[in-house]
Amino acid sequence: MLKKTLITLAVTAGLSVNAQAAQISEEVIQEAFHPYANSLPKADMVKPGMTINAGNVDSVKEYLDPAMYMFIKNGDYEMKVGETTSFDLHKSYVDATRKYSGDVKLGSKPGEISGSVAGRPFPQEPSLDDPRAGEKLAWNYKFGYNWGDSSAIYPFYWKYRDMNSGKVERTVKMNFHFLNFTHRTQQEPFPEITPNPSNLFRGIYVQVLEPFDVKDTQLLIQRFDDDLKRDNAYLYLGFQRRVRRLSSGQTTDAFLGSDVMIEDFEGYNGRISDMNWTYKGTKYILSPMYNHNEMVLDTETHKDDDGYQVIKFAGRGGCFPEITWQLRKTYVVESSPVDPNHPISKREHYMDAQTFIIPRNITYDRKGDMWKSWTIGQAHPDHHLPINKGTGVAIDDSFSMVDIQANHCTTGQFKGIVDPELTPPSKMTVQNLRASGR
Amino acid sequence: MTKKITTLNKVAIGVATAIAMSYGPTVSAGEAQWSGYVENATYFRDKKGLSKFRNTAQAEFYKPVESDGWSNVSINGVLRATYDGVYDLNDGEFGKNAGENYLGENWHDNNTASSSAVLNPGVAFPCENDPALCNNLDGYMDQDENDAKFSDFNDELDFIRELYITADKQLANGDIFNVTFGKQQVVWGKTDLFRVLDVVNPVDYSRHNIYDELEDIRIPQWMLTAEWRMGANNIFDDQNLQFIWNIDKFRPHNLGTCGQSYKMVDAGCFFASSIQGGGPYIINDVEEYDWNLKNTQFGVKWEGVYGDATFSLNALHYRQQLPSIHALGAPGDNFGLFDIHFPRVTLLGGAIDYYSMNMDATWRLEVAYTEGEEQPRDTNGYKETDMLRYVIGFDKNKIIPSLGTRSAFLISAQLFGEHILDHEVDMPNDEDNWIATGLFKGFYMNNRLSPQIIVAHDFAAKATAIAPSISFTPDNHWMFNLALNVKTGGDETFPWSVTGGDAGGGQTEPLARFLNGPIGVANQEDEIQFTVRYSF
């Protein structure tokens with residue numbers, strides 16, 4: 001009897017140990033989430049307060065990605081440098097990383113992962129010796145804290161600009177909403193919203209407010225936890241007054257005619273399995289990260305009762321955000337499409353090591369020529385709207401997609417709000433599209 | 001038109017005026033948001049000249065309203081004013097003075113007249129030219145020329161296209177209960193161009209046959225709708241249950257009065273004709289359905305998302321919106337004279353769409369089974385028969401780099417089928433018929449330049465419509481659209497027993513208009529169309 005009890009206890013203890021996540025060292029956590037806790041990156045030629053222009057850009061070339069170097073060298077843009085600041089992610093996301101990441105494993109094929117419940121899947125420093133390091137970084141981006149568990153861009157202004165003349169051809173005013181169904185850490189419920197019979201990972205809902213010809217257009221993208229499954233996408237057209245199902249495979253389609261592909265959203269908006277991912281190294285790069293309230297603001301585009309104003313755009317054609325850039329630890333990752341008919345040959349992603357957002361992308365066409373340059377400015381949540389303070393969300397605050405070959409750009413000006421009230425799960429339903437239409 | 005303004009419409013005037021004056025009856029949570037457009041549509045028809053010079057101003061508003069216990073409360077409205085100058089600028093072809101040499105002159109040659117015609121050509125705008133005929137058609141095709149010129153200004157107050165209040169109630173379990181009341185459009189189904197389940201509102205085909213967006217030609221109705229949005233459960237990703245109660249006085253489709261530039265299957269002139277030799281009018285009377293509880297219409301829809309499929313199940317008890325002609329007598333006794341009825345119909349149907357990942361395409365299926373509809377026939381005017389209608393649709397977005405744009409093209413195809421369950425040989429409509437449609441639409445210059453082509457083919461009528469167009473949107477306000485609308489076919493004949501029939505292949509009048517359908521009967525309506533719109 002005693003023997004039986006001992007065996008039972010031993011088996012139970014073994015099961016308990018197996019059920020716990022493997023431990024991630026605190027050193028790994030600190031390096032991943034607080035890279036600037038002990039020292040800020042320094043470069044002899046890059047000083048906060050300086051302006052980089054065509055005259056001095058060569059002296060700081062190693063801290064710029066190739067596209068930004070080209071723009072500044074050509075006189076298209078002058079870059080103001082700010083202090084490096086820590087964009088601390090929310091404690092709940094860091095804690096979830098401690099709790100779950102030890103059990104995360106890649107599957108045998110790209111797009112397969114197991115054990116990722118919440119938090120950063122692979123907090124360890126990437127290694128050039130690891131052939132799947134790029135893929136792990138892509139998963140860190142996909143399951144990154146990004147907009148937190150839910151947020152809204154409320155509203156969001158997209159301007160289509162002729163880069164030569166500076167003429168604004170179209171201004172589209174929209175609302176964007178983001179909601180994570182799984183991998184939640186901060187807003188209740190976590191780690192997931194139930195019921196969720198199709199195992200949705202994330203919903204993106206877009207509602208067009210202006211101009212009249214596209215008013216009431218709505219788009220709903222439902223992304224599955226299973227990366228190998230394509231998104232479900234629904235479109236409501238105001239003049240048809242009904243929800244259309246979209247074939248979602250054409251992720252390189254120009255969204256509403258802009259210079260932004262659906263696949264370009266947020267830096268990359270597709271399946272991990274659609275790309276081959278390669279880690280190219282770690283660099284210190286000037287990134288568009290700043291305190292919104294200290295920037296030059298656009299007094300014309302948006303006015304509201306909060307007194308909030310959006311980021312101003314300047315430079316050639318008005319295609320560049322008038323912000324400060326800071327030196328930051330950056331993972332350089334290359335993605336090349338699996339599909340040989342994809343219109344691009346590769347993207348160079350400049351992933352911010354602390355937040356795993358992608359503030360800079362360069363897209364190359366099939367011939368290998370530079371085609372598009374993506375910038376998404378990140379505002380520190382503690383220097384933005386009061387409601388965003390303490391959320392730990394690096395606020396997407398300004399974007400620019402420059403079509404270098406067409407001399408055309410699309411710019412985006414945000415009012416980002418981290419407020420679960422704005423994006424309940426009912427927002428991410430087909431019924432919401434129909435009900436929010438007219 | 002002589003109808004009295006209903007109480008509901010009086011309320012509509014009051015609310016619309018209050019909104020327009022920006023002092024709503026309740027405490028506002030925000031300013032009314034206005035948008036809209038002014039538009040000129042100028043169309044030229046082959047051999048006819050100007051066929052449309054329509055000037056439209058439309059204003060839309062949305063006014064949020066504060067409420068305790070309810071959320072998303074708002075008053076919504078669409079106001080429209082239309083003036084079609086074609087009746088002033090081309091009054092030889094269209095309007096009260098337009099005349100035809102024989103019935104159907106606008107879509108076939110004089111073969112019927114030269115052989116055995118027994119019907120006079122239709123009277124243009126009977127209420128301008130023939131009071132007795134106007135009296136017979138009272139309540140249906142009784143517009144005068146001003147009603148056609150200013151089609152939104154009538155006793156039904158159609159200038160108030162929509163006016164409704166909507167509100168959500170958040171339930172304790174997270175579900176949402178919604179109530180919407182007012183003059184509104186309710187859209188069911190998943191079909192473009194044709195209607196299978198989208199039958200809640202009647203349609204004004206006199207505006208531009210079947211070719212305008214349904215949003216602009218549905219005739220809004222006073223309705224109360226209630227929805228229970230249940231969201232996800234352990235089986236479905238989304239669910240909604242909707243009840244509709246159409247409390248408006250019944251209105252049929254507007255097929256166009258004789259003398260108008262667009263008359264669906266030329267019914268307007270057929271109904272405005274009479275027996276040759278001073279005989280009586282074809283139409284003796286139009287049955288009117290007074291407003292009472294028994295005459296209201298109601299329906300229910302359950303819809304949801306299950307995996308990769310979205311679906312709906314629909315039921316509607318309504319009134320047939322196309323006219324049914326009831327013969328007054330047998331041969332030798334009032335034969336050839338008819339009353340127009342709009343019988344009660346019960347519809348059961350459903351729709352489903354499915355995204356195929358392997359094909360990267362969406363399939364749509366929509367089915368409606370109706371009980372109580374009436375189909376025209378030769379020897380006895382009509383027969384009640386069950387009907388089955390269905391649409392299979394295919395949609396795909398495809399980037400085609402060789403066509404010079406990095407925006408995806410929209411490729412869409414549909415096959416619309418109709419089956420008459422109790423078919424008779426003397427019905428002009430085939431027991432089974434199909435219409436196929438195709439759409440190919442592209443986008444250039446950041447979607448500001450958009451060419452498209454729509455093709456529709458009616459198999460029984462052997463008739464085809466081809467409509468290529470190109471629209472240019474230079475900025476946020478202006479839009480220019482240039483289009484062609486070309487049709488072929490309309491040559492099918494059908495014997496009419498009044499004239500003894502025709503074993504040699506039948507004749508065109510009057511029943512072949514049903515066989516040739518809206519595309520075939522419009523075979524002489526080839527047009528070039530230019531539209532300019534300024535929106536705000």
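**A helix in chain A**

Analyst: Helix H3 of chain A (residues 66-73) has A:Ala67, A:Met68, A:Phe71 and A:Ile72 buried, where buried is 20 or more other C-beta atoms within 10 Å of the residue's own, C-beta atoms being placed from the backbone. Helices are DSSP runs of H or I with at least four residues, strands are runs of E with at least two, and both are numbered from the N terminus. This is a predicted model, in which local features need pLDDT of at least 70 and side-chain atom pairs count only at pLDDT 80 or more, while totals for chains, interfaces and linings use all residues. Residues are numbered from 1 along each chain as its sequence is written, and chains are lettered from A and ligands numbered from 1 in the order in which they are written.

User: What comes just after H3(A)?

Analyst: A:Gly75, with a positive phi of about 80°.

User: Changing topic, how do E15(B) and E16(B) pair?

Analyst: Strands E15 (residues 374-377) and E16 (residues 381-384) of chain B are antiparallel, with four bridges; pairing requires at least two DSSP bridges. B:Gln375 is opposite B:Lys383 in E16(B), and a hairpin of three residues connects E15(B) to E16(B).

User: And how many residues does each chain give to the contact?

Analyst: Chain B gives 49 residues and chain A 37, contact being C-beta atoms, placed from the backbone, within 7 Å.

Methods:
Contact = placed C-beta atoms within 7 Å. Buried ≥ 20, exposed ≤ 12 C-beta atoms within 10 Å, placed from the backbone.
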